[in-house]
Amino acid sequence: MGKQNEMSIRFDSYSANEGFARVAVAAFVADLDPTLDELADVKTAVSEAVTNAIIHGYEDRIGKIYLTCAKEEKQIRIEIVDYGKGIADVAKAKEPFFTTRPELERSGMGFAFMEAFMDEVAVDSSPGHGTTVRMKKRFGAGEA
């Protein structure tokens with residue numbers, strides 16, 4: 001086993017911080033030498049998870065979002081936690097095109113994108129207590 005390296009960031013659920021979270025994770029994984037596609041996948045998945053916390057978890061209030069990344073060898077583990085309103089039915093929320101905020105004209109594809117771009121996605125949520133999204137991606141999987 002190689003050495004593990006970890007970082008954590010706590011930020012407010014302002015929409016402007018979604019871009020910050022993407023860039024922070026991209027910078028953190030840079031030394032794993034991801035391909036441009038792998039890097040785009042991770043940034044998109046982080047963006048979707050953070051955006052969900054902002055617009056669904058905290059809705060019309062500002063709360064804290066906790067982002068933790070751990071990398072070991074050629075793999076990254078990402079955890080995004082909010083203590084917002086939570087998800088009553090995670091399976092339903094993961095269905096493509098499902099959204100609880102249709103007025104925002106979002107696609108309802110957040111979890112589908114996360115699952116498409118990452119190797120593993122797990123969602124734990126409890127109404128009134130918040131949501132934890134855990135994702136993993138291995139880099140260089142396409143190498144011979």
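The structure is a predicted model. Strand β3 covers residues 75-82 and runs antiparallel to strand β2, and β3 also pairs in the antiparallel sense with strand β5. Strand β3 is among the elements that give two or more residues to the lining of the largest pocket, and β3 likewise supplies at least two residues of the lining of the second largest pocket.

**Strand pairing around β3**

- Strand β2, which spans residues 64-72, is joined to β3 by eight bridges, and among the paired residues are E72 and its bridge partner Q75 in β3.
- Two residues lie between the strands in the hairpin of β2 and β3, where E73 takes a positive phi near 50 degrees.
- Strand β5, made up of residues 130-138, pairs with β3 over eight bridges, and K137 in β5 is the bridge partner of I76.

**Residue I78**

- I78 has its place in strand β3, and this residue counts as buried because its relative accessibility is 2%, where the cut-off for buried is under 20%.
- Beyond its neighbours within four places in sequence, I78 is in contact with V25, V42, V46, L67, T68, C69, M118, V133, R134 and M135.
- Although I78 and S8 are 70 residues apart in sequence, their C-alpha atoms are 9.8 Å apart in space.

**The largest pocket**

- The largest pocket, with a volume of about 510 Å³, is lined by 27 residues, and those that lie nearest its centre are N52, H56, I87, A93 and F111.
- The elements that give two or more residues to this lining are α2 (36-57), β3, α3 (90-93), α4 (110-117) and β5, with the largest share, seven residues, coming from α2.
- Sorted by class, the lining of the largest pocket holds eleven nonpolar, ten polar and six charged residues.

**The second largest pocket**

- About 160 Å³ of space lies in the second largest pocket, whose lining is made up of 13 residues, with R77, I78, E79, R134 and M135 nearest its centre.
- Two of these residues, R134 and M135, are also among the contacts of I78.
- At least two lining residues of the second largest pocket come from each of β2, β3, β4 (120-126) and β5.
- By class, the lining of the second largest pocket has six nonpolar residues, one polar residue and six charged residues.

Conventions
Residues are numbered from 1 along each chain as its sequence is written. This is a predicted model: local features need pLDDT of at least 70, side-chain atom pairs count only at pLDDT 80 or more; totals for chains, interfaces and linings use all residues. Side-chain values use heavy atoms; hydrogens and water are left out. Two strands pair if DSSP finds at least two bridges between them. Helices (H or I, at least four residues) and strands (E, at least two) are DSSP runs, numbered from the N terminus. Buried means under 20% relative accessible area, exposed over 50%, partly exposed in between (1.4 Å probe, protein chains only). Contact means heavy atoms within 4.5 Å. On a 1 Å grid over the protein atoms alone, a cavity is a set of points where a 1.4 Å probe fits but cannot get out, and a pocket is an open set with protein on both sides within 12 Å along at least five of seven lines; lining residues have an atom within 4 Å of a point. Grid points are joined across faces, edges and corners, and a volume is the space filled by probe spheres set on the points. Ala, Val, Leu, Ile, Met, Phe, Trp, Tyr, Cys and Pro count as nonpolar, Asp, Glu, Lys and Arg as charged, and the others, Gly among them, as polar.
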